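Visitor: I am new to this structure. Could you walk me through it, one question at a time?

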Amino acid sequence: MAIRKSNKLSQKAVIKQIMKRCSSLGKKHGYENEEGLPLDVPKGHFVVYVGENRTRYIVPISILNRPEFQILLQRAEEEFGFDHDMGLTIPCEEEVFESLTSMIR
């Protein structure tokens with residue numbers, strides 16, 4: 001019986017990649033503070049884009065470990081992947097995202 005190695009990264013590795021990418025976006029676009037983060041994003045938060053209009057939301061990092069948000073991350077990876085310059089895009093209707101995040105904060 002052979003053991004297969006998954007090509008998918010562990011959730012922890014994916015979260016680290018997301019955080020690294022989110023912190024590097026400010027540097028690319030030239031609107032960062034001393035820590036390299038966008039000026040309007042408080043420490044302990046990151047930016048996601050949601051819905052057809054790609055509405056920008058600032059959410060706490062603590063939300064990354066929530067199972068409900070993990071499902072959204074999996075959907076985002078399947079639909080968009082994590083290797084693009086737009087930031088983290090969540091394939092979800094804005095109303096659903098707002099309802100979900102208000103419940104789990």
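Visitor: What share of the contacts with a separation of 6 or more joins residues 24 or more positions apart in the protein chain?
Guide: Contact means heavy atoms within 4.5 Å. Take the contacts in the protein chain with a separation of 6 or more; the share from residues 24 or more positions apart is 47%.

Visitor: Where do these coordinates come from, and how are residues numbered?
Guide: This is a predicted model, where local features need pLDDT of at least 70 and side-chain atom pairs count only at pLDDT 80 or more, while totals for chains, interfaces and linings use all residues. Side-chain values use heavy atoms, without hydrogens and water, and residues are numbered along each chain as its sequence is written, from 1.

Visitor: Which pattern does the protein chain follow along the sequence?
Guide: Helices (H or I, at least four residues) and strands (E, at least two) are DSSP runs, numbered from the N terminus. The protein chain has 3 helices and 3 strands. Read along the sequence, the pattern is α-β-β-α-β-α.

Visitor: In what order do the strands form the sheet?
Guide: Two strands pair if DSSP finds at least two bridges between them. The 3 strands form an open sheet with mixed pairing. β2 and β3 (88–90) are the edge strands, each pairing on one side only. The order is β2-β1-β3.

Visitor: How many bridges join β1 to β3?
Guide: Start with the other partner: β1 and β2 are antiparallel, over 6 bridges. β1 and β3 run parallel, and the bridges that join them number 3.

Visitor: Is Val50 buried or exposed?
Guide: Buried means under 20% relative accessible area, exposed over 50%, and partly exposed in between (1.4 Å probe, protein chains only). Val50 touches Thr55, Tyr57, Ile90, Cys92, Glu93, Glu94 and Phe97, leaving aside residues up to four places away in sequence. Its relative accessibility is 0%, so Val50 counts as buried.

Visitor: How many residues of β1 are buried?
Guide: Across the protein chain of 105 residues, 36% count as buried. β1 is mostly covered: of its 6 residues, the number buried is 5.

Visitor: At what angle does α3 run to β2?
Guide: Axes are lines fitted to C-alpha atoms, for helices over the stretch in contact, and angles run from 0 to 180 degrees between N-to-C directions. α3 lies across β1, β2 and β3. Its angle to β2 is about 15°.

Visitor: Why is the pair of Phe46 and Phe69 edge-to-face?
Guide: Rings of Phe, Tyr and Trp (its six-membered ring) pair if their centres lie within 6.5 Å; planes under 30 degrees apart are stacked, over 60 edge-to-face, and the rest tilted. The search of the whole structure finds 3 aromatic pairs. In this one the centres are 6.3 Å apart and the planes stand at 80°, so the pair is edge-to-face.

Visitor: How many residues apart are Phe46 and Phe69?
Guide: Phe46 is in strand β1 (residues 45–50), and Phe69 is in helix α2 (residues 67–80). The pair links distant parts of the chain, and the separation in residues is 23.

Visitor: What is the angle between the planes of Tyr57 and Phe97?
Guide: Tyr57 is buried, with a relative accessible area of 15%, and Phe97 is buried at 1%. Their rings form a tilted pair, 5.0 Å centre to centre. The angle between the planes is 55°.
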